[in-house]
Amino acid sequence: MSSILDLITITNVSAVVLVIGTLGVIALPKPIDKVIMLSILQGGLIGTIVAAKYLDVAMAAAIFDPIATVIFLIGIIKIDEIRKKKEKEKAGEEGILA
Amino acid sequence: MLDIYTWFYTGVALVIIGSIGTVIGPGVNDPIIRTLNTEIPAIGLSLILLTYNSTIALLTYIAATTIISMILLRAIVRLEELGAEL
């Protein structure tokens, strides 16, 4: 006897989460939204690895993924600061010229 | 048995969709957005490695992806500071 509840396994749910994360990362334009959707993608990866019963690899993935997220956030904040500073410098130069 | 096919085809779909998204996705002229999009093929490749039970390769690849994203972002920020035309 097979019912619709048999489809709800760790593998299938993780695959759905992975597809949602992929579409989110590609479709959303702002970098901060992309980082959030990337976290969903990494959650799907960890779920898939757990479904394969490689819990040691899942542990390593769980350690490395937040490091990647933090690095991306630091980079986005830094690049935003640099761009804002450059815009200000440009506006200041134009003000002197005018 | 069905699980293995799910992992494999999800991985293949992620590699293909992610690669196309990295090349012609929305807003990829910004290097930081392009770097974020490259994470999708990396995760798809991890799923393919999982299908073939390559545990050590999977472990190494997850670690290497983190380290390479660190180096790439550092290079992008530095080039932006210098004002280089990329």
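1. Helix α1 (residues 10–27) and helix α2 (residues 31–51) of chain A have axes that come within 8 Å and cross at roughly 160°. That makes α1(A) roughly antiparallel to α2(A), a label for angles over 145 degrees. Axes here are lines fitted to C-alpha atoms over the stretch in contact, with angles from 0 to 180 degrees between N-to-C directions. Helices are DSSP runs (H or I, at least four residues), numbered from the N terminus.

2. A word on provenance: this is a predicted model, where local features need pLDDT of at least 70, side-chain atom pairs count only at pLDDT 80 or more, and totals for chains, interfaces and linings use all residues. Residues are numbered from 1 along each chain as its sequence is written, and chains are lettered from A and ligands numbered from 1 in the order in which they are written.

3. Contact means C-beta atoms, placed from the backbone, within 7 Å.

4. Chain B holds 4 helices and 0 strands. The chain B radius of gyration (over C-alpha atoms) is 15 Å, well over the 12 Å that the globule rule gives for 86 residues, so chain B is more spread out than a compact globule. That rule is 2.2 Å times the number of residues to the power 0.38.

5. Between the chains, 34 residues of chain B are in contact with 31 residues of chain A. α4(B) gives the largest share of that side of chain B, 13 residues.

Key: Contact = placed C-beta atoms within 7 Å. Helix = DSSP H or I, 4+ residues; strand = E, 2+ residues; numbered from the N terminus. Parallel < 35°, antiparallel > 145°, perpendicular 65-115°, else oblique.
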